[in-house]
Amino acid sequence: MTDYLLGLDAGNTVIKAILFDTTGRELAVAALDGQSSMPAPGQVERDLDELWRNAITVIRSCIEKSGVDARDIRAIGCAGHGNGLYALDRAGKPLLGIQSLDTRAAGLAGEWHAAGVGDRVLPIARQKPWGAQTPTLLAWIKRHRPDLYAEIGTVLLCKDFVVGRLTGARVTDTTDMSGCGLLAIPSRRYSVELLAAYGLEDAMPLLPDVLESSDIAGHVTEDVAALTGLAAGTPVVAGLFDVVASAVGSGVTATGAASIIAGTWSINQVICDAPVDDDRVFMQSSFDRSRWLAIESSATSAANLEWIVHQFMHNEDKPFDRAGELVASVDAAADVPIYHPYLYGAPWDGNARAGFYGIAGWHSKAHLMRALFEGVAFGHRGHVEVLQRAGIGIRDVTLSGGGSRSAVWPQMFADILELPVTVARGRETGALGAAIAAATGVGLFHDYAEGARAMTAPARQFAPDRESGSHYARRYGLYEQLARAMQPVWAEMGRQ
């Protein structure tokens with residue numbers, strides 16, 4: 001009998017189900033795009049019932065496509081986007097789904113910053129409050145929607161909702177809960193003192209049990225088996241924060257290894273043996289049972305490409321490929337416009353906005369697309385520099401996420417970061433990382449490193465070009481100068 005592993009990856013909109021064998025080969029893939037709603041400016045929500053319906057659909061479709069007997073699926077792992085707020089009512093029914101692109105609580109985060117709340121939180125959680133962070137959103141709901149807050153019975157992260165529906169378990173894992181600022185670090189436990197700092201003294205009963213990512217959370221129920229085609233009793237592990245899953249799924253498991261994810265979010269992370277004692281690092285998450293990830297991130301990456309494609313190129317055949325072709329058609333030049341990738345705010349300013357600067361009459365769509373690609377990579381460079389200033393040495397990086405599939409972005413990343421870049425073989429690194437965690441949980445592998453050696457491999461490598469690096473360094477200086485000049489304008493726009 002061959003062992004198979006099902007990896008689920010629940011992003012801000014798309015949920016995917018991928019079936020792997022123990023060599024990392026993809027047997028079948030199914031994906032479904034859900035709908036986001038924006039009930040008010042800055043608010044980004046989803047229907048949790050739709051998310052579960054979509055999960056059922058992709059799991060059943062994946063199994064049917066593969067032709068595999070579901071009884072041969074040894075275990076299931078789920079990754080999901082971090083932060084945001086997924087709430088169930090006191091009866092365990094879906095109540096609210098806020099995505100990690102939401103900025104409704106940016107004002108509250110600013111208020112807390114001025115009041116010194118971040119200084120009280122930082123020594124405990126190793127991150128300061130920010131707009132789409134789970135406890136910040138929960139505190140916003142408590143202040144502005146006390147009626148809704150009173151209905152909450154459980155606070156979850158995205159993948160926890162899916163795991164709960166598969167198994168009936170009310171659990172989360174250390175990677176997600178540390179990544180969203182609800183665990184004390186390094187103890188990896190809930191903290192009364194931490195909740196009090198957020199003004200959430202009464203929220204402890206709302207928090208689910210915390211497991212390690214590869215711990216078995218529960219087993220597929222009979223009802224879910226009938227809906228999905230899974231075998232009842234299949235083990236389901238607690239799962240992972242998707243940035244951790246993508247690191248594992250791209251083969252990044254050694255201390256000091258760096259993973260960059262060019263997806264909806266700009267994720268830039270390095271595995272460390274101990275938490276980093278530097279308040280410039282945006283957040284820290286557990287990685288495995290003993291190590292940590294120092295993470296610099298913001299919603300400033302490939303979400304920009306998704307936006308421009310959906311708004312202006314949706315009628316083109318293979319629009320994402322076409323975007324890359326447009327970039328490749330224009331030489332890297334000093335006169336290309338500068339782009340700020342701040343559609344959902346900047347990491348240091350929730351009021352920041354995206355913008356093109358320096359457009360002239362002779363510029364074409366291709367010039368603007370190149371500017372956008374460069375701007376996204378410049379955003380990643382800013383994060384990498386924060387990690388480097390914190391004393392974290394980075395010799396090379398592994399790039400994953402949608403941006404890694406581009407024909408032009410990986411080389412641009414290598415030149416802008418001035419670091420060698422490797423792109424992993426697997427396209428679905430989040431689901432693959434979740435599958436490796438599942439395999440580890442049922443004893444097929446001793447740890448993530450053994451699983452990654454068996455199931456991942458590098459596919460493409462890119463060396464930085466010195467001349468291009470010098471060109472991009474000059475443009476990066478302009479990018480930062482423009483951002484500083486725009487701050488008063490963004491602040492005024494944020495007050496309107």
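Contact here means heavy atoms within 4.5 Å. What you see is a predicted model, where local features need pLDDT of at least 70 and side-chain atom pairs count only at pLDDT 80 or more, while totals for chains, interfaces and linings use all residues. Residues are numbered from 1 along each chain as its sequence is written, and side-chain values use heavy atoms, leaving out hydrogens and water.

**The whole protein**

Switch to a cartoon view, and you will have 17 helices and 23 strands to explore. Helices (H or I, at least four residues) and strands (E, at least two) are DSSP runs, numbered from the N terminus. The radius of gyration, taken over C-alpha atoms, is 22 Å, close to the 23 Å that the globule rule gives for 496 residues, so the protein is as compact as a globular protein of that length. That rule is 2.2 Å times the number of residues to the power 0.38. Turn the model around: its C-alpha trace spans about 65 × 50 × 45 Å along the principal axes. Of the 496 residues, 61% are buried, where buried means under 20% relative accessible area, exposed over 50% and partly exposed in between (1.4 Å probe, protein chains only).

**Stop 1: two crossing helices**

Select residues 106–115 for helix α2 and residues 134–144 for helix α4; they pack at an angle of about 100°, with their axes 9 Å apart. Axes are lines fitted to C-alpha atoms, for helices over the stretch in contact, and angles run from 0 to 180 degrees between N-to-C directions. That angle makes α2 roughly perpendicular to α4; the word covers 65 to 115 degrees, with under 35 roughly parallel, over 145 roughly antiparallel and the rest oblique. Now show side chains: L108, A109, E111 and W112 in α2 meet P135, T136, A139, W140 and R143 in α4. These contact residues divide into six nonpolar, one polar and two charged. Ala, Val, Leu, Ile, Met, Phe, Trp, Tyr, Cys and Pro count as nonpolar, Asp, Glu, Lys and Arg as charged, and the others, Gly among them, as polar.

**Stop 2: a covered helix**

Next, pick helix α10 at residues 242–249, where eight of its eight residues are buried.

**Stop 3: the open sheet**

Colour the strands in the order β17-β18-β16-β15-β21-β22-β23, and you have an open sheet of seven strands with mixed pairing. Two strands pair if DSSP finds at least two bridges between them. At the edges stand β17 (283–286) and β23 (458–462), each with a single partner strand, so one side of each is left without a neighbour in the sheet. From one strand to the next, the twist averages 25°. Zoom in on β15 (residues 258–262) and β21 (residues 397–400), which run parallel and are joined by four bridges. Here I260 stands opposite L399 in β21.

**Stop 4: a loop residue**

Move to L343, in the loop between β19 (338–340) and β20 (355–357). Is L343 buried, partly exposed or exposed? Its relative accessibility is 28%, so L343 counts as partly exposed. Leaving aside residues up to four places away in sequence, L343 touches A303, N304, W307 and A354.

**Last stop: another crossing**

Finally, select α12 (residues 319–328) and α13 (residues 365–389), whose axes come within 8 Å and cross at roughly 100°. These two helices, α12 and α13, are therefore roughly perpendicular to each other.
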